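Keep the sequence and the 3D view open while you read.

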Amino acid sequence: MFWQFGRRKKVEKKLSTEPRSKKVKLVMQPPRGMKDVLPEEQNRWRFLKKIINRNAEINGYERIDTPIVEYASLFEKGTGEGTDVVEKEMFFVGRDGDSEEDALVLRPEATPGVARAYIEYGMRTWAQPVQLFYTGPMFRYDRPQAGRLRQFYQFGFESIGSPDPATDARLISMSYNIFKEMGLSQKIIIKINTIGCAKCRPNIIEVLTNYYSRNEELLCDDCKRRLQTNPLRLLDCKEKSCQRLLSEAPQIIDNVCGACKDHFKNVLEFLDEQEVPYDLDAHLVRGLDYYTRTTFEFIRADDESRQNSLGGGGRYDDLIELYGGQSTPAVGVSFGMERIIELLKREKIKIADEARVKVFVVQLGEAGKKQAVSVMDQLQKEKIPSQAALSKSTIKSQLKMADKLGARFAIIIGQKEAMDKTAIIRDMKEGIQEVVDQEILIVKLKEKIK
Ligand code: AMP
């Protein structure tokens, strides 16, 4: 075996380049929990990416791409040893050296990589806050089910360098606007909470530990363990037995320090100012260790399942320092793209099919084909999407394909047209044809496309 997933202790072998036995059976499907995105689905993905890119640009977020493989320690230290993501779901891919520090994983999330890059490239000297965004695949070795994949795409925004509550509120509002633009703002609920800072966290932990220790026998097995390692997480356990303890559980907001309370109040006021609707959720803690103060989640309004979270984020004021940088406040958010695509599909959101072939070039005979490729070259230069079937030799079969591809127009250059240096423009919807000189073909076509 070359590598193993799941838990760190299983990392035994280096990445190997040795060839495997020739007898291995061919498996003709993607790995469990991973998906192909076929051309017919790309339209929604394009739509989503376009909105992300546009909003990043409008709001001054610059793209960053970090490696898909990172050292395991980046997540162990940052995301947190006691979190599900690190404890159970890491995709180990081996080591690039001999020591424990050399263990490599497929990234389960992008924020630690971005924080690492902030330190590594001295972004502290850039204008603050540094605003970065990303899209890309993440990997979690979890049990796959509806809405839960082992490889899934996230997009995210990170604003590093501002402690101001208005920054949190702008990030949430910007994310909300993305859902508005997609026509989904009515389908989501924004939940928000504060989980305090390094100063008041010990107090919160103590109050929670006291409460849950008194009721330990009612906790699920995972929470009995979490009580020692990560008591905050007890608040978002979905097990029935633990849920029953929630109503009496101490509220975080009653136990945070004055500065955190003020910060949270300000975040809410700035959200009100931008007319962003939200629900206060006293039990929202999120699953990653580095969060401080504001935490929030965008969930599907119509879905009660565990996979109803579309995205979430919060402040991580201590992460950069934890990684050895100077103390730097930050706030970020990440969204699961498959879950948003699924919602777009479910809500039957209409998306203009921009990339569909607009023009299909039909040719007949040697001279016709030569002129057809020249026309295609001109179409490319004019950025008019076009396609042809150059190996097909009957007009009928080519027109059939044009129809199948949903082409708006066909340009036909047969033997006669090739001799006359003309072309037929066929309106595929109306069935009307017009013969034009090839010299004015593009001009004519552009008029029609308009
Ligand atoms: P997180 O990084 O855990 O805060 O997750 C942010 C978002 O990523 C979630 O709200 C989901 O939309 C998405 N996500 C997280 N894990 C998965 C998964 N295993 N499969 C699909 N989407 C996921």
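How many Å separate a polar side-chain atom of R140 from an oxygen atom of the ligand? The separation is 2.8 Å. This is a predicted model. The points below start at the ligand, then turn to single residues, the cores and the whole chain.

**Ligand site**

- The ligand has 13 residues around it. The closest are R140, L149, Q154, R286 and S309.
- S309 places a polar side-chain atom 2.7 Å from a ligand oxygen atom.
- G311 takes part through its backbone: an N or O atom there lies 3.1 Å from an oxygen atom of the ligand.
- On its own, the ligand exposes 480 Å². The protein buries 92% of that area.
- Three strands each supply at least two residues of the shell around the ligand: β6 (151-160), β10 (309-315) and β11 (330-336).
- Strand β10 gives the most, with 3 residues.
- By type, the shell divides into 6 polar, 4 charged and 3 nonpolar residues.

- Q154 sits in strand β6.
- Is Q154 buried or exposed? Its relative accessibility is 7%, so Q154 counts as buried; the cut-off for buried is under 20%.
- Beyond its sequence neighbours up to four places away, Q154 touches E109, A110, Y134, T135, G136, M138, R140, S334, F335, G336 and M337.
- R140, one of those contacts, is also among the residues closest to the ligand.

**T194, at the end of a strand**

- T194 belongs to strand β7, which covers residues 188-194.
- T194 counts as buried because its relative accessibility is 1%.
- A polar side-chain atom of T194 lies 3.5 Å from the backbone nitrogen of G196.
- Which residues does T194 contact, leaving aside neighbours within four places in sequence? They are I252, I253, V256, C260, F264, R293 and T294.

**Nonpolar cores**

- The largest nonpolar core holds 55 residues. Those with the most contacts inside it are Y212, L219, L235 and I252.
- I252 touches N193, T194, I195, I204, L232, L235, A282 and V285, with residues up to four places away in sequence not counted.
- Another core lies apart from the largest one. This other core has 39 residues, including F155, I190, V276 and L310.

- G365 is in helix α12, which spans residues 365-381.
- With a relative accessibility of 30%, G365 counts as partly exposed.
- G365 and K446 are 81 residues apart along the chain. Their C-alpha atoms are separated by 26 Å.

**The whole chain**

- The secondary structure comes to 15 helices and 16 strands.
- The chain has 450 residues, and 49% of them are buried.
- A box of roughly 90 × 60 × 45 Å along the principal axes holds the C-alpha atoms.
- Among contacts with a separation of 6 or more, 69% join residues 24 or more positions apart.
- The chain exposes about 23,600 Å². Carbon and sulfur atoms supply 50% of that area.

Conventions:
Residues are numbered from 1 along each chain as its sequence is written. This is a predicted model: local features need pLDDT of at least 70, side-chain atom pairs count only at pLDDT 80 or more; totals for chains, interfaces and linings use all residues. Side-chain values use heavy atoms; hydrogens and water are left out. Helices (H or I, at least four residues) and strands (E, at least two) are DSSP runs, numbered from the N terminus. Buried means under 20% relative accessible area, exposed over 50%, partly exposed in between (1.4 Å probe, protein chains only). A polar contact is a pair of N or O atoms within 3.5 Å; within protein, one must be able to donate a hydrogen and the other to accept it, and residues adjacent in sequence count only if both atoms are side-chain atoms. Contact means heavy atoms within 4.5 Å. A residue is near a molecule or strand if one of its heavy atoms lies within 4 Å of it. Accessible areas come from the Shrake-Rupley method with a 1.4 Å probe; for residues, only the protein chains shown count as cover. Ala, Val, Leu, Ile, Met, Phe, Trp, Tyr, Cys and Pro count as nonpolar, Asp, Glu, Lys and Arg as charged, and the others, Gly among them, as polar. A nonpolar core is a set of buried Ala, Val, Leu, Ile, Met, Phe, Trp, Tyr and Cys residues joined through side-chain atoms within 4.5 Å.
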